[in-house]
Amino acid sequence: MSETSVARKETYSYDDDIVKMFLIATLVFGAVALLLGVFIALQLANWKLNLGLQWTTFGRLRPLHTNAAIFAFAGNGIFAGIYYSSQRLLRTRMYSDLLSRIHFWGWQAIIAAAAITLPLGLTVGKEYAELEWPIAWVINIVWVIFGFNFFKTLQIRRERHMYVAIWFYIGTIVTVALLHVLNTIQIPVSFWKSYPVYSGVQDALVQWWYGHNAVAFVLTTPFLGLMYYFLPKAADKPVYSYRLSIVHFWSLVFIYIWAGPHHLLYTALPDWAQTLGMVFSVMLIAPSWGGMINGLLTLRGAWDRVRQEPVLKFFVAGLTFYGMATFEGPLLSIKSVSALGHYTDWIIGHVHGGALGWNGFLIFAMTYWLVPKLWKTELFSVRMANAHFWIGFLGTVLYMVSMWVAGITQGLMWRAVDASGRLVYPDFVETVIKIVPLYWVRALGGTLYLFGFVLLLINVVKTVRSAPKSEKRETVSGLGLADSKPEVYAGKPHRMLEGLPGVFTVLSLVAVLVGTFFELAPTFLSGEFAPTVVGLKPYTGLQLHGRDIYVREGCYTCHSQMIRPLVWETKRYGDYSRAEESIYDRPFQWGSKRTGPDLARVGSKYPDLWHYRHMMDPREVAPGSIMPAYPWLFKGKTDFEIISKKLSVMKSLGVPYSDADVENAEADARREAQAIADKLISEGADPKTAEKEIIPLISYLQRLGQDYKKGAIK
Amino acid sequence: MSILFLLLPVALLLGFGFLFAFIWGASGGQFDDLETPAHRVLLPDSTEEFKTGEKRHV
């Protein structure tokens, strides 16, 4: 009695407006992400849909699609779920409504900035981390605001026990902050152009450490947190095993962080790092399936309701797709499987099993459950929601299966060698033409999924319209935090330190690390990175500028620059890539997908005129190619003035340019461009070519693989 | 590969950070009761739902 008397009865209310705001943003950007996805899928089926405009080519829209899907659609969905569930689990309103709103509008501003900059070709050129440095900084700030608001809410909680979902949110917030900060340390050249401090192998390792954990800590841990809250609520059943959920959480977060190198199997990354990544990736199946099983078994005794309720249908299918994707992931992380699957559409199929089947379906389940609750009404049409489920399910399956078949077909064609040891399909385009029909099937799957999503939108709009007009603010009453230590909740200052020592330690460490890295990393790393390979010359100013055009156009979304030490690869592309070859590459451009052939050794393979004609109209020199044309490269003028600045930034990062190189960069680049142009003009090119952007791009492409060919690399 | 000097400590830091958070959570009694929390989530939000959890302290 003495203890309970300490707890006072308190009245409070939840901030559900912020949940509504994030939920609406989720649906708006879901439509954008899916529309973009269908559009770029059609571009792969028919190249004409690149529309001949620089802003609408695949290379620029693909990053926009992935960013919209991951950070705008899934991101807003996570926030909606976190704001709804955390307040209830912690039995308190968010610490600050203002911070919640700054978080909301800041996040939407980031999305708007991405939607403008990416089609303009302003990109870092690293997957899922494309946004240029000013935007990356805003992300850091907005994320910290979100984290601060969340942790302050933890402090003022009325429920002492933190439900497992909360643990997942904590893991997400801390880890995403660290990953994003470390992967976006870059030195600006101008307001919209920067170079990463890491180069080559280093950059690859950091990027995929980040990239894979974007999957882990944006698309997995927060969604599992949401699953642990919304699934029991929707099923009205306690989670199958709370103990398992605890084990699931701690094992998952510990193992995931190591799995990144499975994106770099058979590349120039040192073998032991590849093996480490592979081993941890295979281990991941245990916690992943633990989570799936825990979710599915939560429905024990409620399976009959799955037949009627679309919310449960989406949960069950979502969890099953999660199980499939987390079986496929470890499988693809085994080196011999990766040898077949890497660079092919299999990976695209794998990713979409997770994105459409797991993330999408979980957001749909949450939406169908939340909307009636938030607007205090009934769902407009359960039938329509069920129709959405089946259409979305069919769309996802069509997508996955078509990409599996396309990926494995193409992977097998790439490696096919006849009895005399020659490639059966030496012409890359042959292997593309073969799978174009499957690109149509994929586009159909995506369209179905989009159509299902439209049904959801209609359903939500109709539901919200039917909501009662006058809303009374709902208050909740409950006891304050009951505890044997009265001072803990007496509002004294030291409560803050006492409340969350572990989390605060981690957070303060992160804060300290950020500063330290920004201060030390450039000098420390440049010293470490100073290229020591004798005879390995850095890019000329013109080549470097051409490389930036290559990055701007998103060439890496379809072309790799990494020949693996596999017989059929070296037969097709030349000797395998060495780590030293990308020592000056900021960012690294190893790529992750070959819709077109590898370019690591393309230099001097074709004459300049071939590239000139190819960029003007790929089909003129490569019949059957699905690559877009790049006519604007023949109109846009090269910005020679900026080259000197680029060289000086590279020099500060340790690239061995002399002061004279930097000073004369512009004149040197013009001279080099003129020489290339003169030859092209004599072969019939436009007389004004020397000024145009096609020239630096050609000079870069002709440089690729030359260090090796000239014997500078052993 | 000098980036490993950075990434390994960071990965270890995260790992140990989580381990530390686990130990802190466990020693703080977060995992003492592995039954009630699963059920408490299901209680309606607008009632005095803390009653079950409260018993621990009485």
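Which pattern does chain B follow, read along the sequence? Chain B follows α-α-α. This is a predicted model, where local features need pLDDT of at least 70, side-chain atom pairs count only at pLDDT 80 or more, and totals for chains, interfaces and linings use all residues. Residues are numbered from 1 along each chain as its sequence is written, while chains are lettered from A and ligands numbered from 1 in the order in which they are written.

**View 1. The helices of chain B.** Chain B has three helices and zero strands. Helices (H or I, at least four residues) and strands (E, at least two) are DSSP runs, numbered from the N terminus. Of the 58 residues in chain B, 22% are buried (20 or more other C-beta atoms within 10 Å of a residue's own, C-beta atoms being placed from the backbone).

**View 2. Confidence along chain B.** The average pLDDT (the predictor's confidence in each residue, from 0 to 100) is 73 for chain B. Helix H2 (residues 36-40) of chain B scores highest, at 87. Helix H3 (residues 51-54) of chain B scores lowest, at a mean of 40. Over residues 47-58 of chain B, pLDDT stays under 50. Where pLDDT is low, the predicted coordinates should not be read in detail.

**View 3. Two domains of chain A.** Domain 1 spans 18-479 and domain 2 spans 541-709 in chain A; the bounds come from an automatic or database domain assignment. Their C-alpha centres lie 33 Å apart. In chain A, 44 residues of domain 1 are in contact with 49 residues of domain 2 (C-beta atoms, placed from the backbone, within 7 Å).

Terms used: Contact = placed C-beta atoms within 7 Å. Buried ≥ 20, exposed ≤ 12 C-beta atoms within 10 Å, placed from the backbone.
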